[in-house]
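User: Please take a close look at one part of this model, the contact between the chains and any cavities there. Which residues line them, and what does the contact consist of?

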Amino acid sequence: MASLSLEGIQKIYPNGFHAVKDFNLEIEDKEFIIFVGPSGCGKSTTLRMIAGLEDISGGTLKIDGKVMNDVEPKDRDIAMVFQNYALYPHMTVYDNMAFGLKLRKVPKDEIDKKVREAARILDLEKLLDRKPKALSGGQRQRVAMGRAIVRNPKVFLMDEPLSNLDAKLRVQMRIEISKLHENLGATIIYVTHDQTEAMTLGTRIVVMKDGVVQQVDTPQNLYNTPCNLFVAGFIGSPQMNFMDAVCKIKGEDVTLKVGEHELKVPASKKKALIDGGYDGKTVVLGIRPEDVHDSEAFISNSPDSVITSTIKVYELLGAEVFLYFDVEGTQMTARVNPRTTLRTGDKAVFALDMEKIHVFDKETELTITN
Amino acid sequence: MEHSQELTKALSELKRITGVALEVADGAGKEDIESTLTQIRCLCAAYKEKYNKTDFLHGLMTGGIPAYDIHERAARLHISAGDPRVLYLLESRNMDEAVDEILKNLFPAQTKTYLVPISDNMTAVLRPLRPGETSGDSRRIARTIVDTLNTEALTRVQAAYSFVIDSLTDLPEAFRETGLALKVGKLFYSDQTVFPYNELGIGRLIYQLPVSLCENFLKEIFGPDIPDSFDEDTLGTVSRFFQNNLNIAETSRQLHMHRNTLIYRLEQIEKRTGLDIRLFEDAMTFKIAIMVLNYLQTERNP
């Protein structure tokens, strides 16, 4: 397997469209890297530049230390799995997996060995004689993966490979891909717009927006310490609650005023606000839905972080309940225990876990407290 | 010597299309060779006309077959003239054997899909519409062809597709439209790989304008010194500004650039062109001018 280095990678199309800007990333051997971001953020373009399917307008791409900018895709030792795969309809699973190797004139016994090994890894051994029409969606997807595996590449590139599957199958395939990464010990670069896929699969995640890398970090760090408002809102479902708050500093005491509510900032967060000179300025206060509590014990222990509102929607998901309500005109979500007695129309009191708040600069949208 | 080379070429063509291998006996005179050559060429032409579906479809697409002859020749070749179909044109830097093999296996004979090589880097795929499929499925199929060739042949491919062809007599028009879609798509929408015939927007309009008209339009905007192009920074800034619907605050934020720097750049464009692209009308004119400029450049340096 291989390490990759992307140094100042750029993509500018002839019509002036700047799709990727100054993309820098070092990918270690055996890493599972996820490119995530909204549609049109440049993640697929970056993947296609790594594959050689798009010319690189600027910067240097290295695989195992060798510059690859002008190397033909077939000479880069990569394999790809894309969203719109097609299996050869008249061929068996075995032949579908062997076809690419046959084209490259690989000896028959070597093909056989590689196909059977890939089939074993993907649990397709019993299906090798079947035609694609006799396979389920998930099995077909595994065959598409098998076609990539038999190439034994240095790097796997996957562009939204699960997008065409239904929700249940996606969860199942996500587990399969995770196992595959463990079994193959491969370097994988995976593109998705689905942040759940990104969080569950990646060893590191690259969050992109408008062709610019926003943050590169482990899933846990991205969730706990997002570097800006975009990352904070993009990672996590339901997304982080945001509200405008006015910062008030009196000596050592720092409070955030959201309408009528005054929220006391804990010691761990206030230094950044004091040092940044945010007294009297409007900032953006972010808090994840699971850090908004309705339990009486928590509320009584946190008198300085209480907000009140009326429940607009009660949503029971079985293991948890989402409560939607407004605070000063901003919609908020709380993720609470299903034993909650709150229902739609009830007056409710919540307490925010102030140790878990995120504060962002209103203008630059960068984090202040992380 | 000349005759001998031509004869060898004709014999190999005959073998390629019919599978029949012939040899010329030693000692044949010049007249014999000429007559043999004529006969082999006629044989090839007749064979192609009667049995070769690819040749027929190629001729039909490129306008080499008169309308009155289409149905009869299609019937002789067992091609149903009235089946609804969609034409896909695929272009790749290298349409090599691997691409051919992949397409043949993706669309085996039973699917009644015809693969017609158009040039060294272009292939046409004429695919029947399956029951339940609509024109809306064409994009998905085009996308699948492109993705499969990307992953299996590891080659870059661009594809365009036509409207639904209800009769073979519409094939020449479909070929023209799809060819246009491919050219316009590559020129104006180069960040995409699939170009539907009916989503070419203003690019189609510009592409069909005569060069002299385009030049006059550019002279009107830029004066006698029409720039070859704008630098990447300017184009990138303008492109982002347009993407953000002429919103200065959002554009400067996305470009990590101070608002005043962005305004300065926009004013430089105004100085150069007289167009204040913060205004909708001027922005529209500038956008079209840049597209026309790109088009003329491609026309001059194909």
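Analyst: A cavity here is a set of points, on a 1 Å grid over the protein atoms alone, where a 1.4 Å probe fits but cannot get out; its lining residues have an atom within 4 Å of a point. The model is predicted, so local features need pLDDT of at least 70 and side-chain atom pairs pLDDT 80 or more, while totals for chains, interfaces and linings use all residues. Residues count from 1 along each chain as written, chains are lettered from A in the order written, and side-chain values use heavy atoms, without hydrogens or water.

The second largest cavity is lined from chain A by A:Gly52, A:Glu72 and A:Pro73, and from chain B by B:Arg93, B:Asn94, B:Leu154, B:Thr155 and B:Arg156. Its space is about 50 Å³, a volume being what probe spheres set on the points fill, with points joined across faces, edges and corners. Two of its lining residues are nonpolar, three polar and three charged. In this scheme Ala, Val, Leu, Ile, Met, Phe, Trp, Tyr, Cys and Pro are nonpolar, Asp, Glu, Lys and Arg charged, and the others, Gly among them, polar.

Over the whole structure the search gives two cavities of 30 Å³ or more. The largest has a volume of about 70 Å³, and its lining includes A:Met80, A:Phe82, A:Tyr85, A:Arg147, B:Thr151 and B:Glu152. Strand 6 (78–82) and helix 4 (137–149) of chain A, with helix 6 of chain B, each give two or more residues to that lining; helices (H or I, at least four residues) and strands (E, at least two) are DSSP runs numbered from the N terminus. The lining divides into six nonpolar residues, one polar and three charged.

As for the contact itself (heavy atoms within 4.5 Å), chain B contributes 36 residues and chain A 37. The buried area, accessible area (1.4 Å probe) lost on joining and summed over both parts, is about 3,300 Å², 49% of it from carbon and sulfur atoms. On the chain B side, B:Asn105, B:Glu152 and B:Leu154 lose the most, together 20% of what that side buries.

Six salt bridges (side-chain nitrogen of Lys or Arg within 4 Å of a carboxyl oxygen of Asp or Glu) link chain B and chain A. One of them pairs B:Asp96 with A:Lys74, the closest N and O atoms being 3.8 Å apart. On the chain B side, helix 6 (137–152) is among the elements that give two or more residues, and gives the most, seven. That side has eight nonpolar, 16 polar and twelve charged residues.

Conventions: Buried area = accessible area lost by both parts, 1.4 Å probe. 1 Å grid on protein atoms, 1.4 Å probe; cavity = no way out; pocket = protein on both sides within 12 Å on 5 of 7 lines; lining within 4 Å.
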